[in-house]
Amino acid sequence: MTIDEIAEELGIPWKTAHKRIETLNINPLSYKALYDPAVVEQIRNVPGRGRPPKKPEALAKVKKGKK
């Protein structure tokens, strides 16, 4: 499968599919950037980059400190 086909199957932009494949360090099967169809399932739920949300306990401590 090409990145275009993977993106179409997942309903996401080409750039997003490409970035998810890069994030998981998945190499193409051939020089022409063909990927195994199993890649679709591997990149379906890649977590986003960035800071994770704060835990409820941390939020409660912050609220107690402020008046």
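I looked up glutamate 8 and found it in helix 1 (residues 3–10); helices are DSSP runs of H or I with at least four residues, numbered from the N terminus. The model is predicted: local features need pLDDT of at least 70, side-chain atom pairs count only at pLDDT 80 or more, and totals for chains, interfaces and linings use all residues. Residues are numbered from 1 along each chain as its sequence is written, and side-chain values use heavy atoms, with hydrogens and water left out.

I checked the cover of glutamate 8 next. Its relative accessible area is 69%, so it is exposed (over 50%; buried is under 20%, partly exposed in between, with a 1.4 Å probe and protein chains only).

I then noted that Glu8 forms a negative surface patch with Asp4, Glu5 and Glu9. Such a patch takes residues with over 30% relative accessible area and no salt bridge, like charges being joined within 9 Å. Asp and Glu count as negative, and the charge is placed at CG of Asp or CD of Glu.

How many salt bridges does the structure hold? I found 2, a salt bridge being a side-chain nitrogen of Lys or Arg within 4 Å of a carboxyl oxygen of Asp or Glu.

One joins glutamate 22 to lysine 19, with the closest N and O atoms 3.3 Å apart. Both residues lie in helix 2 (residues 14–23), 3 residues apart, about one turn of the helix. I read 42% relative accessibility for glutamate 22, partly exposed, and 42% for lysine 19, also partly exposed.

Arginine 44 pairs with glutamate 41, the closest N and O atoms being 2.9 Å apart. Arginine 44 is partly exposed at 33%, whereas glutamate 41 is exposed at 53%.

Technical notes. Patches are made of residues with over 30% relative accessible area and no salt bridge: like charges are joined within 9 Å, nonpolar side chains (Val, Leu, Ile, Met, Phe, Trp, Tyr) within 5 Å. Accessible areas come from the Shrake-Rupley method with a 1.4 Å probe; for residues, only the protein chains shown count as cover. Helices (H or I, at least four residues) and strands (E, at least two) are DSSP runs, numbered from the N terminus.
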